[in-house]
Amino acid sequence: MIFRISRSCFSSISVKLPPFKVHHLELDQLPQTATTTSSELLAYYKSMQLQRRMEIACDNLYKQRLIRGFLHLADGQESIYEGLHAGLTFDDCVITAYRDHCIALLRGDTPHQIIAEMMAKQTGSTKGKGGSMHYYKKATNFYGGHGIVGAQIPLGTGLAFAQKYLKKPNVTLIMFGDGAANQGQLYEAANMAQLWHLPAIYFIENNLFGMGTSIDRASANTKFYTRGDVIPGIQIDGNNVFQVRETLKFAKKHCLEKGPIFIEAMTYRYHGHSMSDPGVTYRTREEVQQQRKTRDCINYVKNIILENKVADEPQLEEIDNSTQNEIDIAVEQAKVDPVPPSTELTTDVYVDNENHFIRGILYKDSIVPKSQ
Amino acid sequence: MLRIVNKLRSGFAKMTVREAINSAMGQEIERDSNVFLIGEEVGQFQGAYKVSKGLYDRFGKSRIWDTPITEAGFTGLSVGAAMYGLKPIVEFMTFNFAMQAIDHVINSSAKLNYMSAGGLNTSIVFRGINGAAASVAAQHSQCFAAWYSQVPGLIVLSPYDCDDARGLLKAAVRNPNPVVFLENEIMYNESFEVPENVMDKDYLIPIGKAKVMREGKDVTIVTFSKMVKYSMLAAAELEREGISCEVINLRTLKPLDRNTIIQSLQKTHRVVTVEEGWGQCGIGAEICGIINETNAFFHLDAPVVRVTGADIPTPYAFNLEELSFPKTHNIVEAVKLVLK
């Protein structure tokens with residue numbers, strides 16, 4: 001894929017950041033602009049398109065009943081994941097709940113592995129045994145993938161604890177939604193993080209709804225960036241990849257010097273909470289359309305690209321097509337992959353599984369270790 | 001530092017179960033820099049039940065972590081630290097309080113290796129007192145052996161004496177799976193003679209292997225934790241009446257040592273199970289199920305007799321509490337029932 005770029009890939013473009021809201025911090029500590037380059041812009045565009053098209057493909061597969069169970073899609077929120085990928089490193093830990101496909105992608109799984117997992121194939125990221133809510137990758141410090149709302153918060157605090165214990169110059173990004181922000185275990189964990197100065201970034205993806213409940217109906221205090229009480233907080237536009245990136249860079253520095261921080265990223269999910277939720281009983285179709293028209297995070301980057309003549313419409317369309325193609329190939333491959341063999345039923349229950357007795361449905365079908 | 005209370009004769013020392021657990025933890029924290037102890041009052045207070053006495057002075061606040069009263073928070077935090085590769089020993093002041101954190105024990109820890117297809121594991125020990133103490137009433141007296149033993153992915157251990165406490169706790173810390181370690185407050189004060197090899201810093205007991213405490217030929221008594229004491233007392237009393245009991249101390253509740261139980265009952269043909277917890281879906285019920293499902297059933301001369309806690313929340317009044325949990329005389333009566 002070769003296209004003409006009208007300026008050098010390395011000359012920088014300056015982007016003005018949206019305003020921040022701060023809690024126990026000074027505004028002048030935060031940057032007003034971010035710099036980017038042509039190649040970086042195109043890379044963000046392409047990566048966010050890949051995320052978007054992967055999520056849409058999963059929607060289609062679910063409707064074809066090739067993906068089953070729970071499916072929580074993140075289309076509309078891609079800039080958050082792109083921003084965290086740009087602002088942090090693979091030595092920084094990430095943990096989230098079940099809206100985790102895009103993070104799995106950015107932390108090293110291929111679209112094929114991710115889609116195959118949801119299609120319950122052996123070639124999936126967790127051999128078909130985890131599903132949509134349970135992606136992990138230790139090598140890139142991605143710790144899941146959790147089904148219980150809020151559970152990931154103390155777990156992530158523990159990752160930060162371990163990083164500090166082992167004197168790593170790294171932080172943990174603990175992601176959760178506006179719904180989870182009322183969980184008691186958040187406050188238990190954040191209290192310890194502040195007491196022990198843990199390098200924990202409490203990152204609230206505020207998409208305005210916890211399942212079908214708006215933030216006003218769920219939270220007495222909807223200023224989530226202030227909910228850390230004595231812990232500093234920042235509210236940003238989560239649909240602005242640059243603001244996410246720059247804020248995380250700031251947060252990392254803060255965490256390593258001082259301790260935890262709360263970041264609230266305003267965003268919007270186009271789908272309902274999950275595939276069983278049409279997403280229009282608690283918000284209007286007009287509102288969803290309006291968000292798509294005026295606040296779409298990919299369009300934001302597209303406009304910068306076009307305004308700065310980094311690429312033109314046909315060139316961007318080429319990127320769209322190539323990312324769609326990549327997803328289509330992944331889907332077609334996953335469709336023909338085998339399901340996990342029945343022997344996988346009883347593997348991985350224990351680390352040393354071969355030492356353990358695993359009862360079958362009938363006693364006679366049990367797996368008996370050689371030592372017995 | 002090992003406080004050896006009374007060196008009775010060469011090669012033996014006398015110590016309490018509390019000291020056994022304390023010494024085991026101290027050795028494991030010394031041995032592996034990734035091991036740490038975390039829980040309420042474990043540090044400066046020297047432990048709510050003094051089990052961690054001296055560890056804070058010896059290792060300091062980087063290894064012995066005092067937490068706020070936030071079980072869900074510190075248990076989740078410890079599981080997260082274990083996901084990264086550390087090896088926490090999480091102390092619950094009692095397992096009653098662990099109910100506030102049980103989601104992390106089960107969903108965040110026990111199931112993790114399976115859900116991640118082997119990608120992530122947690123080498124973590126959840127320990128604390130389990131079952132009845134004395135006069136602490138309903139919310140502080142529950143036995144959780146049955147609940148945790150049911151969960152795939154967990155190892156569940158329950159020591160009786162110092163030998164068990166040392167060998168099992170060390171094995172638990174070194175095991176790559178999550179381990180629930182059920183201690184007993186009354187047993188903390190009990191002293192036992194401990195041979196020198198048990199004090200060795202690498203003394204380990206195999207997980208999944210029960211111990212025959214006392215050999216016999218008429219009845220097999222299967223039990224664990226404090227009930228081993230009453231079972232041994234019952235066996236001594238029955239001996240005087242000419243009844244010979246074999247007492248099996250399970251040591252591990254999950255994986256349950258079927259083979260030792262079956263081997264014993266092939267000899268005695270009669271089984272009594274003893275547990276402090278409620279009978280429904282309990283350890284005794286599981287043992288009955290196991291015996292039923294294997295050829296061991298055909299070796300029985302009588303149905304299994306279960307001795308369990310009464311099906312009630314624990315009362316406060318001393319006389320009522322005495323009627324709530326198995327005692328020596330209940331076990332004696334059970335043995336005579338199974339022999340009828």
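Visitor: Terms first. What must DSSP find for two strands to pair?
Guide: Two strands pair if DSSP finds at least two bridges between them. Keep in mind that this whole model is predicted.

Visitor: Okay. Which strand 4 residue is the bridge partner of B:Gly39?
Guide: B:Glu91 of chain B is the partner.

Visitor: How many bridges join strand 2 and strand 4 of chain B?
Guide: Five. Strand 2 covers residues 35-39 and strand 4 covers residues 87-94 of chain B. The two run parallel.

Visitor: What sheet do seven strands of chain B form, and in what order?
Guide: They form an open sheet. The order is 3-2-4-5-7-6-12, with mixed pairing.

Visitor: Which strands are at the edges?
Guide: Strand 3 (64-66) and strand 12 (252-254) of chain B. Each of these pairs on one side only. From one strand to the next, the twist averages 20°.

Visitor: What does helix 3 of chain B touch on that sheet?
Guide: Helix 3 (residues 71-84) packs on the sheet and touches strand 2, strand 4 and strand 5 (125-129) of chain B. Its direction makes about 160° with that of strand 4 of chain B.

Visitor: And helix 7 of chain B, which strands does that touch?
Guide: Helix 7 (residues 162-174) packs on the sheet too, touching strand 2, strand 4, strand 5, strand 6 (155-157) and strand 7 (179-183) of chain B. Helix 7 makes about 160° with the direction of strand 7 of chain B.

Visitor: New topic. How many salt bridges are there over all chains?
Guide: A search of the whole structure finds 36.

Visitor: Pick one. What does B:Asp257 form a salt bridge with?
Guide: With B:Lys209; their closest N and O atoms are 3.7 Å apart. B:Asp257 sits in the loop between strand 12 and helix 11 (258-268) of chain B, and B:Lys209 sits in the loop between helix 9 (196-199) and strand 9 (211-214) of chain B, so the pair ties together parts 48 residues apart in sequence.

Visitor: Why is B:Asp257 called buried?
Guide: Because its relative accessible area is 6%, and buried means under 20%. B:Lys209, at 43% relative accessibility, counts as partly exposed.

Visitor: Is B:Lys217 buried or exposed?
Guide: Exposed, at 55% relative accessibility. B:Lys217 forms a salt bridge with B:Asp218, with 3.5 Å between the closest N and O atoms. B:Asp218 counts as buried, at 19% relative accessibility.

Visitor: What does B:Lys226 meet in a salt bridge?
Guide: The side chain of B:Glu276, at 3.0 Å from N to O. This pair links distant parts of the chain, 50 residues apart. B:Glu276 is in strand 13 (residues 271-278) and B:Lys226 is in helix 10 (residues 226-240) of chain B. Both residues are buried.

Visitor: Which residues join into one network through salt bridges that share partners?
Guide: B:Glu28, B:Lys170, B:Arg174, B:Lys201 and B:Asp202.

Visitor: Now the greasy bits. How many residues are in the largest nonpolar core?
Guide: It has 82 residues. Those with the most contacts inside it are A:Phe161, A:Tyr202, B:Tyr148 and B:Leu250.

Visitor: What does B:Leu250 touch, not counting residues up to four places away in sequence?
Guide: Its contacts include B:Val222, B:Phe224, B:Ile261 and B:Ile287. B:Lys209, from the salt bridge with B:Asp257, is also one of the residues B:Leu250 touches.

Key
Residues numbered from 1 in each chain as written. Chains lettered and ligands numbered in written order. Predicted model: local features only at pLDDT ≥ 70, side-chain atom pairs only at ≥ 80, totals over all residues. Heavy atoms only, no water. Helix = DSSP H or I, 4+ residues; strand = E, 2+ residues; numbered from the N terminus. Axes fitted to C-alpha atoms, helices over the stretch in contact; angles between N-to-C directions. Contact = heavy atoms within 4.5 Å. Salt bridge = Lys/Arg side-chain N within 4 Å of Asp/Glu carboxyl O. Buried < 20%, exposed > 50% of the residue type's maximum accessible area, 1.4 Å probe, protein only. Core = buried A, V, L, I, M, F, W, Y, C linked by side-chain atoms within 4.5 Å.
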